[in-house]
Structures are given as structure tokens and as C-alpha cells.
Amino acid sequence: MPSATFQVQRGGAGGGRLETYTTEVAEGMVVLDAVLQIQAEQAPDLAVRWNCKAGRCGSCSAEINGMPKLMCMTRLSDLPPGKPILLQPMKAFPLIKDLVTDVSWNFRVKKMIKKFKPRPPDAADGTWRMAQEDVDRVQEFRKCIECFLCQDVCHVLREHHLFEEFIGPRFFVHVASLEMHPLDVEDRREELKKADGIGYCNITKCCTQVCPEDIHITDNAIIPLKERVVDKFYDPLKRLFGRWRGKK
Amino acid sequence: MAQGFQADSQSNLMAETNYVGPFSRFGSTSRKDAWWVQPLLVFLVLSSFVVYATWAAFQGKHYFYGPYLSPLYSPELFGDSPHSWFGPRPDWWPQFIPWSPALLILWAPGLFRLTCYYYRGTYYKAFWADPPSCTVSEPRKTYRGEHSFPLILQNIHRYFLYIAFFFLIFLSYDVWRALWFTDPVSGEKTFGIGIGTLVLVINVVLLGGYTLGCHSLRHLVGGIRDRLSGAPVRRTAYRCVSCLNRRHMMWAWMSLLWVAFSDVYVRLCSMGVWTDWKII
């Protein structure tokens, strides 16, 4: 049976090291399979977070050969054959141990975002009416599994650590799902500009590149939100001709 | 590669830990692929275009041939060619600035591309290493992005979009004029199609695909609204622009390169290096 070599980052917040493991692999295996095999056979204290093994829970985010990916969705056959596979934790977030990071910052950010605020019900029974085509637009954003790979790859967080000023691509997707919802009447543009720091995004599309759900984060969420911020703050003609205001 | 975090007693968003490492050296990354190829290619192609367009703009000659006008010189507001709108070089043009008809107009398409969402992300990587590529360390530790001056000015992109529409109209008119060839003997204008006509047609098609797929246009025609179901015209426009927008990168590069090629074609025909073959 063929084998593969893995260089796995071990250690906690105090420091880390790369340890090398060689394990048997079979056709169809994904990186998470190999990691769990290493954990079972060679390193029982290896910390790894996982849950569904099906790309639905977003738990097993890590950096494979330097790129943020889900371990459960990365087939070994898609990696360069015959070369050691480098496994590291997400580098944008505080390291807990080995491949596990503390992503709780994301949950705190989510609480800061203005909640869904529907218009008054359309019918007397307290229900609303929506056209499918209007919902389709935000449906893409609902695919997000909160793996936070986009947050990890975003250089504003990863390299410049602007955790206080910038909410990151995941939460621009979340804001877009609310802001563009056909029932929502809340206006989040001021928060986008100031507290959320959308101006820090310089559209490198790394978030889109790593999204395992193929959400077009930059083109369909961030840039449309930037344009809505432009409407309110940077377009004097738009403000002059208020009747063109498109919101709701 | 070790990561380091320190305890932070401040009650902020990163309450439990505070990041202190580990990226310090420009270009450091754990990536094992040739991540530098794409930014290098972008750097070379964009630099080449800027150098060529600047050179061509300052030439002030060989920019028209028969019914063809180079897109780098269109619209020719003032100039010596038959395509000029308002006659020769204006008297108010400062003597100390070299004269060329292109200098009056090239700023508009140039700024349209400079502020384009696609190009922004691309040249931030290739020219400013901000970042050089995804998960590759940057040369600077300070970062302001488009949050403050000067890059906050990128938000005026839509105004250059409005101007770009006029350029599309002018370039389409150039195609119309490129269909009418003057007989050297009788002086009569007759319908015809030359290779140059096709070059200019392709130029307009590619620029149209690029301009009409603009992110700002997508917003203005429909993205601005949360509900398009009750607005059939907006809905159709939004779908069409979104369709082009999905290939915005392709349109951006093809239109850029074809503008340069169109100028080369007209220039070399004008210089007598190339012969413009007439198809009809």
C-alpha cells in the first residue's frame, strides 16, 4: 500500500515545531483521513478539530501546503505526489494546540452586526410574499458554512491584524445576506463604512479563491456593498438626485 | 514556524489573545506552488501596456490611416487628421507641453481602468505587493487600504464609467467611418471592409464587453435594489451586466491588449510597414 509523508505543525501558543509522519494512504483518501490515521496510530495527542467529514460543518479548516483549505475536502490525489504535505493551523487566529485555533473572535463580531429587520407583514395573517428571483440573490450567501478560511486568507486580518477595525469577508457575506434581503429594511451602510471597515478591503479576491462553497464573496457581496457605501457617502450626484435612492 | 500570542487584558474583540507574530519577512509563505508567476505576468503586461501607450500618446503622428483612427487617439478633439472635430492644435495649448491629440483624452479611459475593481485587486498585488499573492507576506506592516486618502478616491469609479460610455459611442462611430474608403482618383467615398475595419470592430466589441460588465454598472442598473421582480427592464439589464461581469477579468485583459494592437495596426499601416488588405 502506498504511503504519504506529512509535516504537521505541533505545539501550542508558546511555540511550534514541524513533526514528520509517514502513513499508508489509499485511493480516495482526503487529508483529514490521513490526519485521523496519524492520530490513531502514531500521535494520539495530536489536536485536530473536525466533525462532519463532508464539507458541511466548517470545522476542519487548516492550511495545506500554505493555502487555507478544508482538510475533509482536500483529496490527497490533488496534492503534488511524492512530496511531503505541509499541514498547519490557520495563521490568522490564536493557536490553541497543533491544528486547532481559537476562532471565537468571529462569533463576537457577528453579534455586532445589525440583525434582520423585516418590513411589516404583507398579509393579515402576519406572513410575507417574496418572489423567488429576489431571494435567489441572497441564497448564495446562505451557503456559507463558517469555516473562516476567507477570514484566514484575508491579508487585512492575517497580515495586518486589524481585528478591531475590520470584520472580514465572512461577515461582509453575512451583511450582504441581510442588506440585500428583499424583506429587510435596515440600513447598514454607515456601519459598513465605519465600524466594519469595508474600505480596508482591497479586492484581492483571496477570500473568493479559498471559499469551499464557491461563494463569489468579492464580486457578489463585498463589491456590491462597497457600491452601496459609495451611494451614501461618496457620490454627490446620487445624493443630489435622492429619488434614485434604491434602498428598499 | 512558530506562532506567538500574548494574553491581553483589554476588553476588545480579540480579548483572549493578542497576535504578535509570525510574519515578518517580505515574501515568506508556506505555499509550495509558483505563486509569483501570476503577479509577475500582470506586472510585465501592465507595465508594457503603460509604457507603450505613453510612448504612442506622445508620438502625435501615424495615428490614422485612411478611414482608420487609432483608439488611443479617439475622439480626436483637436488635430491634423481628417478625424479631428475642432480643427488643428488649439492656441491655448501651453508651448512647454509636447502636443499630441491623445493627451487630451487618454486620461479618461486610463482612470476608468485605474479605478476598476478588477484592476485594483490585480495591481495592488503585482505593483504594490499588498499582498504579493494570497498568504504571502508583505513588505510593509502599516496598512490603510481604501479606507483613507489617497486610495479612498477609488470610490469615484462610477464617474469614469459614465465617461467611458461616451468613448464607446465615439469608437463605434469610428467603426462606421472605417467602413467608408475614399477613392484616391475620384475622391468619392465608397463602402468597404478592410482588415483595419475588423480590427476596430473587435476593439469596440471587447471594450463594450469590458465596460458593460463593470461592477459599478451592475450596481447602478439593478444591484442597488433588493427587489427586481417588479422591474422587468432593470431585471433584464442586471442579468445582462451580471453575465458580462462574470468574465470581467477576461474582458479587461482582452480589451486592453486589443487597444494596443489596434494602435499598432493603424500605426504600422500609416508608416507603410503593413498593408491594409481590403476584404470588400
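1. The side chain of S30(B) makes a polar contact with the side chain of Q88(A) at 2.8 Å, and another with the side chain of K91(A), also listed at 2.8 Å. A polar contact here is a pair of N or O atoms within 3.5 Å; within protein, one must be able to donate a hydrogen and the other to accept it, and residues adjacent in sequence count only if both atoms are side-chain atoms.

2. Do keep in mind that this is a predicted model, where local features need pLDDT of at least 70 and side-chain atom pairs count only at pLDDT 80 or more, while totals for chains, interfaces and linings use all residues. Residues are numbered from 1 along each chain as its sequence is written, chains are lettered from A in the order in which they are written, and side-chain values use heavy atoms, with hydrogens and water left out.

3. S30(B) counts as buried, at 10% relative accessibility (buried means under 20% relative accessible area, with a 1.4 Å probe and protein chains only). Beyond its neighbours within four places in sequence, S30(B) is in contact (heavy atoms within 4.5 Å) with residues including N65(A), G66(A) and L86(A).

4. Turning to the whole interface, 58 residues of chain B and 74 residues of chain A take part in the contact. There are 36 residue pairs in polar contact between the two chains, both at pLDDT 80 or more.

5. Eight salt bridges are counted between chain B and chain A (a side-chain nitrogen of Lys or Arg within 4 Å of a carboxyl oxygen of Asp or Glu). One of them pairs K226(A) with E146(B), with the closest N and O atoms 2.8 Å apart.

Conventions: Buried means under 20% relative accessible area, exposed over 50%, partly exposed in between (1.4 Å probe, protein chains only).
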